[in-house]
Amino acid sequence: MAERAADIVSPITDGVLPLKTTPEDARAAGQVGYDKPTPQNAVLLLIDHQIGLINSTRDYSSLAEFRANAVGLAKIAKALEIPVMLSTSNAQWQNGDTIPEIKNLFPEVPIHRRTGIINCYEDPTFRSAFEALLSGTGRTHILIAGVTIGTCTTMPTLAMLNDGYRVFPVVDACGAWNHYEADAAMSRMARAGAELVTTYALACELQADWKLPSGGPLFTPFNEDLPEYGYVIQNFWNNAGGHTVPDPFGQVK
C-alpha cells in the first residue's frame, strides 16, 4: 500500500481570516452578503419562554428536547457575554412565569412584563429598552427565540425586518402548537429576509474558533444541554490517557 501524504496541521497561532469582500460590496456585486452574527455585534431576545406556554407546545417529541435547546441558547449567550432581553406576556395568569432555568441564569436582567400587547416589538416599554440597548452597545444583529414561533417569534421578526434590523430567529429554541404553525412561521420569516438558525450551529458560528477564551465556557451548554454531543465529550475525556473500563478481552490497546 502506498504511503499517505503527510498531514498538514494548522498552526495553533492562526486566527480566523476575514472575508475578502464586505457584505455590502458582495451584495452590490450581485453576490450573497455574509453579515454574520458575532458575540460583539449581537443581542438575544428570549420571548415568552413561560411555564404555561411551553407546556402547551406540541411540535417536539418531548418538552425535554425543547427545554434543552431553549436553556442551551440562554447559556450560549451567557458564555459569550451577549446581552439578553427577557419578556413575558400576561405572566400573572395562565401563561405563567419565565421558566426558572432561564430566569435564574440572568438575575441581573429585568423581565419586561407585557400586559396585553402580543408583539414584543410593538410594546412601548419593551421597544424603548430594546432601542436603548442597541444604541448603548452599538449592536446590530438580533437573535430571537420565543414561544410560540408563530406569534412570539414571527411577529417581532417581521416588524424588526420592516424597520431595517438584521434578524436571526433561532427556530429550534422556539415551540409551536403544531407542525403547521412552525412550518408557516419559518416560511414567512425566511421569505421576509430573516436568517433562520439553530441553537448549536449558531453557537459554532458565534464562537468561530475554539481556541478563543470563550471556548471553555461555551463547552458547558454543549455538555449539559446537548447530551448527544455531551456524552461524546465525556467519553473521550474519561478515556484520555487510559481506559476507565479495562478490557478483559485484551482487544483495546
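Helices (H or I, at least four residues) and strands (E, at least two) are DSSP runs, numbered from the N terminus. The model is predicted: local features need pLDDT of at least 70, side-chain atom pairs count only at pLDDT 80 or more, and totals for chains, interfaces and linings use all residues. Residues are numbered from 1 along each chain as its sequence is written, and side-chain values use heavy atoms, with hydrogens and water left out.

The loop between strand S1 (42-47) and helix H2 (51-55) holds His49. Its relative accessibility is 2%, so His49 counts as buried; buried means under 20% relative accessible area, exposed over 50%, and partly exposed in between (1.4 Å probe, protein chains only). Contact here means heavy atoms within 4.5 Å. Not counting residues up to four places away in sequence, His49 touches Ile54, Phe66, Ala70, Asp97, Thr98, Ile99, Ile102, Ala145, Gly146, Val147 and Ala173.

Asp48 is found in that loop between S1 and H2 as well. Asp48 counts as buried, at 1% relative accessibility. The phi of Asp48 is near 65°, a positive value in a residue other than glycine. Most residues other than glycine have a negative phi, and most peptide bonds are trans. Ala208, in the loop between H8 and H9, also has a positive phi, near 70°. Ala208 is partly exposed, with a relative accessible area of 43%. A cis peptide bond, with omega near 0°, runs from Val147 to Thr148. Thr148 lies in the loop between strand S4 (141-146) and H6.

Rolling a probe the size of a water molecule over the atoms shows where empty space is left. On a 1 Å grid over the protein atoms alone, a cavity is a set of points where a 1.4 Å probe fits but cannot get out, and a pocket is an open set with protein on both sides within 12 Å along at least five of seven lines; lining residues have an atom within 4 Å of a point. Grid points are joined across faces, edges and corners, and a volume is the space filled by probe spheres set on the points.

The largest pocket has a volume of about 460 Å³. Its lining has 24 residues, and Val16, Lys36, Thr38, Gln40 and Ala208 lie nearest its centre. Helix H8 (residues 199-207) gives the largest share of this lining, three residues. For the classes, Ala, Val, Leu, Ile, Met, Phe, Trp, Tyr, Cys and Pro count as nonpolar, Asp, Glu, Lys and Arg as charged, and the others, Gly among them, as polar. The lining of the largest pocket divides into 14 nonpolar, six polar and four charged residues.

The second largest pocket holds about 160 Å³ of space. Its lining residues include Asp48, Val147 and Thr148, along with Arg114, Thr151 and Trp177. By class, this lining has five nonpolar, four polar and two charged residues.

Next come the helix pairs. Axes are lines fitted to C-alpha atoms, for helices over the stretch in contact, and angles run from 0 to 180 degrees between N-to-C directions. Angles under 35 degrees count as roughly parallel, over 145 as roughly antiparallel, 65 to 115 as roughly perpendicular and the rest as oblique.

Helix H6 (residues 149-162) packs with helix H7 (residues 179-192) at an angle of about 10°, the axes being 10 Å apart. H6 is therefore roughly parallel to H7. Residues of H6 in this contact include Thr151, Thr154 and Leu158, while those of H7 include Ala182, Met186 and Met189. The contact of H6 with H7 divides into eight nonpolar, five polar and two charged residues.

Helix H3 (residues 63-79) and helix H9 (residues 215-225) pack at about 170°, with axes 8 Å apart. That makes H3 roughly antiparallel to H9. Among the residues that meet are Arg67, Val71 and Lys75 in H3 and Leu218, Pro221 and Glu224 in H9. Seven nonpolar, one polar and four charged residues make up the contact of H3 with H9.

H9 also meets helix H10 (residues 227-239): their axes come within 5 Å and cross at roughly 110°. H9 is therefore roughly perpendicular to H10. Phe219, Phe222, Asn223 and Asp225 of H9 make the contact with Pro227, Tyr229, Gly230, Ile233 and Gln234 of H10.
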